[in-house]
Amino acid sequence: MTGSQVYLRPLTGDDAAAFVPWVNDAEVTRTLAVGAAVMDRQAEQAWIEKMNASGSDVLFGIAIQETGRLIGSIGLNQIDFRYRGASLGMMIGEKSMWGKGYGTEATRLVVRYAFEKLHLNRVQLHVYEYNLRGIRVYEKVGFRLEGVLRQEHVYDGRFWDTVVMAILREEWEKRPALPEADPRKT
Ligand SMILES: CC(C)(COP(=O)(O)OP(=O)(O)OC[C@H]1O[C@@H](n2cnc3c(N)ncnc32)[C@H](O)[C@@H]1OP(=O)(O)O)[C@@H](O)C(=O)NCCC(=O)NCCS
């Protein structure tokens with residue numbers, strides 16, 4: 001799947017080494033469910049191989065269009081073909097790559113994959129209330145607030161709410177056209 005700035009590609013065990021600094025960076029993991037667990041190359045390789053072998057998950061690497069540089073991953077988990085739903089998870093591990101529109105474009109690409117290739121009806125996600133950057137990305141793509149799991153999460157010595165957001169196929173189909181002149185949009 002190719003956008004104007006990034007493309008999504010399969011990950012292999014050889015990509016595991018790139019993930020190690022990212023998943024051990026507290027600034028990256030503070031907004032992830034994985035939290036501050038220490039992860040090594042073997043653990044990352046096992047995770048990639050498990051996802052690739054799974055019938056209910058898909059995992060993609062996020063790579064920069066111009067250079068091919070891998071900057072993170074995005075995936076759909078708990079894919080349920082009966083009820084046609086899945087959960088979205090994403091990480092841009094290269095912090096210098098935050099704020100450039102890459103997360104938004106990667107989200108649009110994987111949501112399109114969910115609706116057009118997997119024929120799902122609903123994509124949902126959980127995001128911590130302090131992850132304002134993440135919430136903004138999901139709002140831009142068209143995810144709507146569905147509810148709040150009050151004080152569901154603990155970080156930095158206090159409780160935080162977990163925000164539940166989702167986008168439905170019918171909302172995706174009715175999304176407004178994006179201005180073509182803006183290279184950050186797909
Ligand atoms: C969350 C994440 C995927 C976002 O990716 P990104 O490439 O930085 O996002 P984009 O550049 O596409 O968009 C960021 C948006 O957030 C906005 N933003 C940044 N900081 C913000 C803040 N403190 N409050 C509100 N909005 C903020 C930006 O202005 C931009 O919106 P705009 O286009 O309207 O200006 C990335 O930062 C990341 O991987 N973080 C660590 C892991 C993570 O949080 N994953 C998601 C778990 S739910």
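**Core and ligand shell in a predicted model**

Me: Which residues touch the most other members of the largest nonpolar core?

Reply: In this core of 37 residues, they are I62, L76, L88, Y138 and F143. This is a predicted model, in which local features need pLDDT of at least 70, side-chain atom pairs count only at pLDDT 80 or more, and totals for chains, interfaces and linings use all residues. Residues are numbered from 1 along each chain as its sequence is written, and side-chain values use heavy atoms, with hydrogens and water left out.

Me: Why is this called a nonpolar core?

Reply: Because the term denotes a set of buried Ala, Val, Leu, Ile, Met, Phe, Trp, Tyr and Cys residues joined through side-chain atoms within 4.5 Å; buried means under 20% relative accessible area (1.4 Å probe, protein chains only). I62, L76, L88, Y138 and F143 belong to such a set.

Me: Which element gives the most to this core?

Reply: Helix α4 does, with eight residues; helices are DSSP runs of H or I, at least four residues, numbered from the N terminus. Apart from this core lies another, of 12 residues, including A16 and M91.

Me: Which helix gives the most to the shell around the ligand?

Reply: That helix is α5, with seven residues.

Definitions and conventions: Helix = DSSP H or I, 4+ residues; strand = E, 2+ residues; numbered from the N terminus. Buried < 20%, exposed > 50% of the residue type's maximum accessible area, 1.4 Å probe, protein only.
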